[in-house]
Structure formats: structure tokens, C-alpha cells
Amino acid sequence: MTQAMEVKTLRIDGVDVSARADQTILEAARENNIAIPTLCHLDGLSDVGACRLCLVEVAGTNRLFPSCVTRVEEGMQITTSTDRLQKYRRMTLELLFAERNHVCSVCVSNGACELQALGQSQGLTHIEFPYRFPQLPVDASHERFTLDHNRCILCTRCVRVCGEIEGAHTWDVMGRGEKARVITDLDQPWGTSESCTSCGKCVEVCPTGALFDKSDVGTRARKHPEFLTYLNEMRGGQS
Amino acid sequence: MISVEELDQIAETVRTERAQGRHQINVCVAAGCLALHSDTLKGALAERAQSSGISCQVRGVGCMGLCSAGPLVSVEPGAILFQKVKPEDADRVLDSLKAPPAKQHTDLRQTPFFKRQFNVVLENSGKIDPENIDEYIAEGGYRALFHALIEMTPAEVVQEVASSGLRGRGGGGYPTGLKWGTVAKAHGTIKYVICNADEGDPGAFMDRSVLESDPHRVLEGMTIAAYAVGASKGYIYVRAEYPLAVKRLERAIREARRLGFLGSKICGTTFEFDIEIRIGAGAFVCGEETALIASIEGMRGTPQPRPPYPAQSGLWEKPTLINNVETFANVPPIVRRSGAWYSAMGTPKSKGTKVFALTGQVKNTGLIEVPMGVTLREIVFDIGGGMPEGRKFKAVQTGGPSGGCIPEQCLDTRVDYESLKEVGSIMGSGGMIVIDDTSCMVNVARYFMEFCMSESCGKCIPCRAGTAQMYDILQRITRGQAGERDLELLIDLCDMVSATSLCGLGQTAPNPVISTLRYFKQEYLEHIHAKRCVAGECRMAATQAARS
Amino acid sequence: MQAPSRKPALPSEDKRWRIVNGTMRRHGYARDALIETLHTVQQSFGYLDKQSLKFVAASLHVPLSRAYGVATFYHFFTLKPPGKHACLVCLGTACYIKGAAALVAQAEKTLGIECGETTPDLKASLLTARCLGSCSLAPLVVYDGELIGNEDAVHLQGRLEGWMGS
């Protein structure tokens, strides 16, 4: 872009900040060390605004805005952590925990799980909603990786990284509503997928124990989604 | 290329034919009457007329509105309407051409069902043959298009629509003129016009009826819109459940192309526009603008966060105008007669008329069109004829799964966007279902929540997981397995799901619960505490478990 | 959108593949023709199987997982062969208020299957619809495309038993 990017000034949680016009509220906040919880967002992938954890309040309207996809505007007054927002965030996390079968103590990602960490940081002490206990399979057909639907939160990071970065588009979502599930190719065992390059990017970006490397079982292995920012920089794309 | 003079000529020919003193026997061939075999009836009438040497024209026409009395047959001139006509009644209908009609066929047009209505959108419904463009032209069709293209600038068309006060008839009520203006001003040489005919609300069939009865009106409205905003391509997104509407639209598009109302050099000007039909595949969420766009692009119909709005970046990221069927159907009369004429009807904030599908436990069911501002009581008790024998009114449901249930004490509410919102419902697309005391209101809420749960696209968490939890709670209440805490959770979820969901489906999914809680909380409490369903609809499974 | 340089061969000699191909050609093999093409496949073959999804995905250059995701998103598409007869109960609000739930229960009992299923002998499928838009005739059932209004459980049972006996 030859034209100099316009700069906007706005206020987040009482702090005056400036941001480029093409930046989102989330980017502006994080640049200024204001933490907004996220789950479906990942630096380096497109944003879908699906998890609703990053909703913020904007003065002058009752509507809540997903900070990951809302661009900054001049004079915006944003609050990122009101009682109302915190209540909604806790409920969102509770809904996720109750939706499938999240049992941290027996999960490969115990201690290295973004959902678990968010539960802790948002002060979640117990799950008010009854667990729905859907019967979901585990796919261990791939020689290196495992897919456990019981721990999937449908953030679609795997779908996006596979389509946008690896370019294989092995993953997508089938069905809809509470019956939605991530799939490889024609909903076939992962190990039989013709399009999968076994690159492992999906595993690295998965925030929970839904996708894991078989060799990591029992090691509490942390995942390393930072590779995305690096890849994008090397490709000359957005940082 | 057709000229205005030729248009006049077509209209004149149709009128002369009609004026030759020949009777016309009009048989409704819209889906409702067709399901009652009105096509067979039409055949029988034509055959009997021929064999007995009676000179008359037997035509298929669109919906006459009073679907509960179908198959409907009208005889012109004379404006006599026959109800529940069977093929064996053919002779009796034909006899009426000579003598006054038989007594069992009283003239329904004089009943409140018809007299209390005012038709703009439905002005041709039940009068013209939807499969014959000449008949639409004879009623003044495509005049508005000529007028707009030849005598108005695009900006003037936008201004005329804005001055009419027309608001989106799909349910949102967004000012149509404002929407058109935004798309017209959006940068870009490629723009699209989309007609949303994905009529998803259960209990709503306004759009189906308009498309089946008067398809050219929608095409004309879309073409005028395209001229106003600068679009050259249009799509009509129709539900797969409406095969007859698709068939009539396809035919109408072919006929319109033939006469140069679609294609290049429309009406002899340089304006180009064409329309393609896209058939939905059974997803309620595709009624949401961004999901509909995704579906036309051949993808899963999941909504996208707005902004950007389709007016700036819609189909294939181009500026896109989306209006629903009824909105477009209002456009030709507005352009033909003027925005001022239209805005003289209705209330200060809701102008014009609204089409409703009146169904449920009410005597007269069918399609009606009333000026904005009439009361719900007039609709249910005058036009609808009130409750069937022995039934007691409980509520009227408007707005489908995004709406609410309005109780007896609010029946004097006027039909306009704001008033319906105040009483906890919405205008919606026009479904109006009358509920009597044999229906349990908790179960009605459960029904709609089941709908929203299984129609949720699954993208955002509040809608996907929240509707499932709400459904579970409602299920427990109707089974007598719920406690006080469940009700608190339900209320919390209503607030959270409506505030945080990504699209309109999730944001409005709690409405049926909120409105039944507002007016029928006692029923919820009786289910929870006394394990009793006053309507007798719910089976309380676990009275013993609850006691222990 | 550019037409793919090489198109996959038709899966078999079956003439219906040419109809499917025709739809794709009419849309210039553009990716957005996916749903239109799946409609044609279902019209021609009665359902979408993996072979047809593979063929369509390859022809339109759509990833397999996306084709499958689309096919399972929309209720209208079915991935299982349908029964010889189809009974479709409308569950729109007007039909529900007038007792559609009892019709579903009766149909499930008579056929011994749940909604969305087909009898093991492939004689009948039981389907539900969100709303067919003929609400004045509620409750509504469609038997093999024939719409019956003001339906009751006794008539429904007779009709279904007729199918199962044939």
C-alpha cells in the first residue's frame, strides 16, 4: 500500500491508545498489554468470530462486539471486562465443558490446554449445566496423530490452518448445530485420508486435547502454534 | 424489445377478450388448493363446459387467500366465490353462469374475511393466471419498470422507495430505501441483487403464495431495484420445499426475457439485468443474509460477523442488496403510484400493508393482507372468524422461532414493528398462529427451542451449546423433572444467548421462552412445583422421583 | 473462475452421470455450483454416495471435506439410499399445534423406525419437514409426493401398513 495508513485513537479500559485503521480491537488491546480472552482466534489464521469469548462493550450501544473481527474506529470507548462480560465468558466456557466429554484428569493435554487455562483465568469453579455426555468416537487411524471428538470445541483452527497455510483442506466441519463434527476428507478415518500431508499443523494449533501427537501421550506436551507467525513472516504476508 | 405501446396493446387484447361477455371460471392452482386436487377440478370444469356447450374460459389462477375453504373457484363477472368445490360440483358451478348461484355457495367476498383486507402485494393474487405474462401486463404489470427506466434516474427511484416508508418485510423492518441507498452508493462496478425466498419460519407461507400467484411482480420489483442500485445480476434463493414456486418463477423468467424485461437493453434502454434461481437445500439459518450468501456461493450456510454488511461486501465480496419476496413485491405499486400513496397507509412508523399467514386454531385460515395498524383482535376474530366451536383462545404466535406468544390481554395491540416488539414478539415475516387452551405454553416454547437447536449452524458456542441446554431444561420441565434452579438457569441462558450469539438466529432463539415466561409463567411454575400441565399436553413422567 | 483444465472421467456408463455433468457444465464448472450439482445428483440417483461426492468434488475442484461438509449441512440431502416409499410429516407450527407429533409417533410405531430412517427392507422412509407452507391444511402428511391435509393417525396407519404389506 503506497498510501500511509490512517491512524485512529480510541480508549480501551480507560487507556488512550492509537491503532492503524485496519487493526482490530483485539490487536490494539494486545499491543497495549490489555488482555482479552480468545479461543477460536489464532495469530496467523483468518478470524471467524465464533467463540464469542472476546466480546467487548462499546460505549453508546448495547450490542457486544467480537474484538477479533471488529476494526478500530476513531473515538471508540471500549470496555473489555465488565461484570456482564465476565459472566457471559464463564457461561460460554461452562457450555463448552458441558457440551462434550471434557475430563481434564484423563486428558493428554491436562496442564497444557487452552480451554482449561481459560477456565482457570476466568474463575470457573464448577460447571452449573448438566453434562450432555454425547457418545463420540476417537480416531487413532493416523500413524502419528489422534483425533478425539470428545475434546473438540469446534474452534475450526485445524480447518483453517489446513486450508489457509498447508493448502491441503483435509479438514472441514460436517453436520450442523450440536451434531457438527470436524472431519477429514469424506468423513473417513484420518489414516486413510488422501489429501492429508501429515504435516501436523492441525495438531499444533488445536487448543485442547482433541488433536494430539501419539508420541506426546503422557508427556503433557505443550503445543507450538507460534510457527504460524513465523511462516507468515517468511512468506511476506501479514505478521 | 417491447415498447410501452406494445405493452398497452397486450393489455388491451386481454381486456377485450374478457369483455366479450364470456364468463371466466377461475380455479385456484396455488399449492394449498392444488393439494386438494384443484388441477383435476379445473380439468373437470373445462370438460363439462365444453361438453355442455357453455361458452366460458376456465383458468388457473393464484391464491385467493381463504385456503381453509379450498379448493376455491371464482366466477367472473359477478365475483362469486365457491368453496370446497369437488369435480362432481362442476355442473353446479356452470349452472351459476345462467342462474343465481346455489344457496350453499354464498358469496364469500362479502364476509369479513375479505372485506376487512386491503390488497397491495396480493392485488393480483387469485385474479390472474400466474403462468401468463400477458395477464400480469393487463393488470398494469411492468408499467412501473418502464416508468423507472425511462422517466427516473436511479437516485430518484431510491428516493421514491425511501419516501414510501417501506420497511423490510422479512422481519427485521430495516428501511428499504436506506438499504437501497447504501448499496447504490457503495463503490464497485459489479453489484448484486438477491431476493430472499428462503421462507423458513414454520407456519409462514406468504412468499410461497406470492411466487406461485404473481411471480412477475417479484421479478419487476427486483429489476427496478437493480436499476436503482446499479446491479446487473440477480439471484432468487428459493426453498427446495417450494417446487411449484420454482416452476412458476422459471417460466416467468423465460417470459420476461422473451419480452425484454430481463436481459440486455431492457425496455429499449442500455440497462442490463438478469436473474438466476438458486434452490436452497433445507437450512433455516440461510434466511440470514450472510448465510444465504455463503449458500449461493456453494458453501455451508454459516453466518459471518457483520460488519462488513452485504451492502458493502456481500456476494463474492461485492456490494449486494438483499430483500425478501414481499418487500420486492411492494416495489412496483410504489413506483407506479408513488411513495406518498404508499405512506398514506399504515401507522406513523410502519407504512403500507402486511401479508400474514393466519393459521392454527381459528375458523378461517389462509393468506391475508391488512393495512399496518389494525389490531390483532381484528385479525383473529373478524378476519379469522374467531375460534372454532368449543375452543378457547390462549395466544397468538407471531414471528416464528424468533418471535413470541401474545396473550388475550394484548390482543388490542396494533400490528406494526414497534408495538409487536413492545409486547414481546416481533412482526417477523408474517406467520400468525392461533393457539387455544389445549396447547401447553411450555411445550410451545420447547417446540421452538427444538427448532432453533437443530437449525443452529453450530458455528458459535452460545447458539450451538446454549440452545441445546435450553432445550434440555424445557424438556425436563415438560416431563416434570425440573426444579426451581432449572428455571433460573433457563432465564440466565436466555439473556446470555441473545446477547452473545453471532447471528439473528441465536440472538432471537430465546424469544419464545422469554415471551411465554412473561405471560404464562404460572404454567412453568405448575410444571415445576405441582408437576401439573394445565393444558393436559405434557406427560409428567417422574412424579414419584420428584416426591422422594 | 477458471474452468479446470482436466475433468475427471465419468464414474460409469450410467447415463445419469451425463445429467450431473450437464449441470456442472451449465455453471462453467465453477465451485459455487456445488449445491446445484448435488441437487442434480440427488434427483438422479435418489441420494448422495461417496462415489458421487468424489466425482463432483474433483470436477468442481472442491476439497473432499468441503463437499462432505456441504452435503451434511443441508437437511435436503441424504447420504443413504431412500426407501421405495416416503412418508413425510410436516412439523411446522400449525401442524404441530394440530397434532403432528401424534402422527409422527404413529408413523414411527407402524414402521418400527425413527424419523430420518428407512426400514431395513428399504420399503419405506420416514421424514419430517420444517414447514411445507400449506398450513391451512394442517396437519399435513406427504405420501410419495401426494399431499394429504387434515391427516389423522388412523388414515396414516392404514396407508403405511399398505406399503409394508405390498
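1. In chain C, 29 Å separate the C-alpha centres of domain 1 and domain 2. The structure discussed here is a predicted model. The domain assignment places domain 1 of chain C at residues 16-73 and domain 2 of chain C at residues 85-165.

2. The overall dimensions of chain C may be stated next. Its C-alpha trace spans about 60 × 30 × 25 Å along the principal axes. Chain C has 166 residues, of which 46% count as buried. When contacts in chain C between residues at least 6 apart in sequence are considered, 61% of them join residues at least 24 apart.

3. The secondary structure of chain C comprises seven helices and four strands. Read from the N terminus, the order of elements is α-α-α-α-β-α-α-β-β-β-α.

4. The four strands of chain C form an open sheet with mixed pairing, in the order β2-β1-β3-β4. β2 (124-129) and β4 (146-148) of chain C are at the edges; each has a single partner strand, so one side of each is left without a neighbour in the sheet. On average, and with direction ignored, neighbouring strands of this sheet are turned by 20° against each other. As a general point, strands of a sheet pair through backbone hydrogen bonds, either parallel or antiparallel.

5. The pairing of β1 with β2 in chain C can be described in detail. Strand β1 (residues 85-90) of chain C runs parallel to β2(C), and six bridges join the two. Within this pairing, L88(C) has L127(C) of β2(C) as its bridge partner.

6. Helices also pack on this sheet. Helix α6 (residues 100-111) of chain C touches β1, β2 and β3 (141-143) of chain C, and its direction makes about 155° with that of β1(C). Helix α7 (residues 153-165) of chain C likewise packs on the sheet and touches β1, β2 and β3 of chain C. The direction of α7(C) makes about 145° with that of β2(C).

7. Chain A is also divided into domain 1 (7-81) and domain 2 (86-234). The centres of these two domains of chain A, taken over C-alpha atoms, lie 25 Å apart. Their contact takes 15 residues from domain 1 of chain A and 20 residues from domain 2 of chain A. On the side of domain 1 of chain A that touches domain 2 of chain A, there are ten nonpolar, three polar and two charged residues.

8. Chains A and C are in contact through 14 residues of chain A and ten residues of chain C. On the chain A side, β8 (171-174) and β9 (181-184) are the elements that give two or more residues. Of the elements on this side, β8(A) gives the most, with four residues. By class, the chain A side has five nonpolar, five polar and four charged residues.

9. Helix α8 (residues 154-164) and helix α14 (residues 325-337) of chain B pack at an angle of about 105°, with their axes 10 Å apart. Because angles of 65 to 115 degrees count as roughly perpendicular, α8(B) is roughly perpendicular to α14(B). The contact is made by V157(B), E160(B), V161(B) and S164(B) of α8(B), together with V331(B), I334(B) and V335(B) of α14(B). By class, this contact of α8(B) with α14(B) has five nonpolar, one polar and one charged residues.

Note on methods
Residues are numbered from 1 along each chain as its sequence is written. Chains are lettered from A and ligands numbered from 1 in the order in which they are written. This is a predicted model: local features need pLDDT of at least 70, side-chain atom pairs count only at pLDDT 80 or more; totals for chains, interfaces and linings use all residues. Two residues are in contact if their C-beta atoms, placed from the backbone, lie within 7 Å. Ala, Val, Leu, Ile, Met, Phe, Trp, Tyr, Cys and Pro count as nonpolar, Asp, Glu, Lys and Arg as charged, and the others, Gly among them, as polar. Domain bounds come from an automatic or database domain assignment. A residue is buried if 20 or more other C-beta atoms lie within 10 Å of its own, exposed if 12 or fewer, and partly exposed in between; C-beta atoms are placed from the backbone. Two strands pair if DSSP finds at least two bridges between them. Axes are lines fitted to C-alpha atoms, for helices over the stretch in contact, and angles run from 0 to 180 degrees between N-to-C directions. Angles under 35 degrees count as roughly parallel, over 145 as roughly antiparallel, 65 to 115 as roughly perpendicular and the rest as oblique.
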